[in-house]
Amino acid sequence: MPHTIVRGGLKYARHTQEYIARRTAESMAEKDIVRCLKRFVARQIYRHLPHMIRTPEPLRQTAERL
């Protein structure tokens with residue numbers, strides 16, 4: 001999924017194109033630039049995922065076993 005997002009950004013997103021131009025001016029290879037963008041996208045996606053809350057005690061069973 002990050003690959004698809006990055007490839008779309010390469011073509012349509014102005015801020016992504018500016019980032020690529022800046023990194024290219026710093027003599028960074030396109031392969032490395034795309035890798036950095038994928039990592040950025042993955043961090044953004046991870047922040048929006050629901051995270052499980054861990055409790056120190058196990059949860060009580062609400063139904064009794066027969």
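Predicted model: local features only at pLDDT ≥ 70, side-chain atom pairs only at ≥ 80, totals over all residues.
View 1. In general, side chains of opposite charge can pair when their charged atoms come close.

**View 2. Glutamate 30 and arginine 7 join distant parts of the chain through a salt bridge.** The distance from N to O between the side chains of glutamate 30 and arginine 7 is 3.9 Å. Glutamate 30 lies in helix H3, made of residues 30–47, whereas arginine 7 lies in helix H1, made of residues 2–12, and the two residues are 23 residues apart. Glutamate 30 counts as exposed because its relative accessibility, 52%, is over the 50% cut-off. Arginine 7, with a relative accessible area of 39%, is partly exposed.

**View 3. Glutamate 26 and arginine 23 meet in a salt bridge.** Here the side chains of glutamate 26 and arginine 23 come together at 3.3 Å, again from N to O. Arginine 23 has a relative accessible area of 26% and is therefore partly exposed, a class that lies between the 20% and 50% cut-offs. The structure holds three salt bridges, and the pair of glutamate 26 and arginine 23 is one of them.

**View 4. The largest pocket is lined by residues from helices H1, H2 and H3.** The space in the largest pocket comes to about 240 Å³. Each of the helices H1, H2 and H3 supplies at least two residues of the lining, and H3 gives the most, with five residues.

**View 5. The lining of the largest pocket brings together nonpolar, polar and charged residues.** The residues that line this pocket are Ile5, Val6, Gly9, His15, Thr16, Tyr19, Cys36, Leu37, Phe40, Val41 and Arg43. Sorted by class, seven of the lining residues are nonpolar, three are polar and one is charged. Among the lining residues, Ile5, Val6 and Leu37 count as nonpolar, Gly9, His15 and Thr16 count as polar, and Arg43 counts as charged.

Conventions. Residues numbered from 1 in each chain as written. Heavy atoms only, no water. Salt bridge = Lys/Arg side-chain N within 4 Å of Asp/Glu carboxyl O. Helix = DSSP H or I, 4+ residues; strand = E, 2+ residues; numbered from the N terminus. Buried < 20%, exposed > 50% of the residue type's maximum accessible area, 1.4 Å probe, protein only. 1 Å grid on protein atoms, 1.4 Å probe; cavity = no way out; pocket = protein on both sides within 12 Å on 5 of 7 lines; lining within 4 Å. Points joined across faces, edges and corners; volume = space filled by probe spheres on them.
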